[in-house]
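The sequence and structure come before the notes.

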Amino acid sequence: MLYVSSLSKLHDTVASSGASHMLTVISEGTPVERPETIKAENHLYLGFHDITEELEGHKPPMRHHVEAILEFGEKWGEEAPLVVHCWAGISRSTASAYMIACASHPEADERELAQTLRRAAPSATPNIRMVRFADEVLGRSGRMTAAIEEIGRGADAFEGTPFRYWREDF
């Protein structure tokens, strides 16, 4: 199972989910204390800004970040939950969870996965730049991007509520 969280609710989410793996997608240099229950080799930290266009002085998500996320998702193995988090639990983390769900379920309909994400997280606004790269890497022919554009921007929120996102849901 995948769980999505903000940084401020990370430790509670890891504890309540029983997660064995953790994916951090946050601005480079942001300190993140890894919970004791997550082994160092089961934690991937990727530092980039939550932007969708090139912006001077900022580090946007790049294709190699998306490839690393997808590889981490593949190595995870689904034996125990994976917690994905960013600063607010709204954009980078929801994009990452959506990408991992699409990669883990190549037969699944991208629209249904996106709509399930919206039902689980009304504030989810997946980073479209990340989704576009994943769409290319996974060979989804624009369907992932179209599905995320279709659900649109989520409800305004300072911070998302942690949620579960996995196959029983779609």
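Helix 2 (residues 63-76) and helix 5 (residues 128-137) have axes that come within 9 Å and cross at roughly 65 degrees. The model is predicted: local features need pLDDT of at least 70, side-chain atom pairs count only at pLDDT 80 or more, and totals for chains, interfaces and linings use all residues. Residues are numbered from 1 along each chain as its sequence is written, and side-chain values use heavy atoms, with hydrogens and water left out.

**Helix pair**
- Helix 2 and helix 5 are therefore roughly perpendicular to each other (65 to 115 degrees).
- On the helix 2 side, Arg63, Val66, Glu67, Ile69 and Leu70 meet Met130, Phe133, Ala134, Glu136 and Val137 of helix 5; contact means heavy atoms within 4.5 Å.
- The residues of this contact are seven nonpolar, no polar and three charged.

**Nonpolar cores**
- A nonpolar core is a set of buried Ala, Val, Leu, Ile, Met, Phe, Trp, Tyr and Cys residues joined through side-chain atoms within 4.5 Å, where buried means under 20% relative accessible area (1.4 Å probe, protein chains only).
- The largest core has 39 residues, of which Leu2, Tyr98 and Tyr165 touch the most other members.
- Helix 3 (residues 92-104) gives the most to this core, with seven residues.
- Leaving aside neighbours within four places in sequence, Leu2 has contacts that include Trp76, Ile100 and Phe163.
- A second, separate core of ten residues includes Tyr3 and Val83.

**Loop residue**
- Thr30 lies in the loop between strand 2 (21-26) and strand 3 (43-47).
- Thr30 is buried, at a relative accessible area of 16%.
- Not counting residues up to four places away in sequence, Thr30 touches Leu7, Tyr45 and Trp87.

Conventions: Axes fitted to C-alpha atoms, helices over the stretch in contact; angles between N-to-C directions. Helix = DSSP H or I, 4+ residues; strand = E, 2+ residues; numbered from the N terminus. Parallel < 35°, antiparallel > 145°, perpendicular 65-115°, else oblique. Nonpolar A, V, L, I, M, F, W, Y, C, P; charged D, E, K, R; others polar. Buried < 20%, exposed > 50% of the residue type's maximum accessible area, 1.4 Å probe, protein only.
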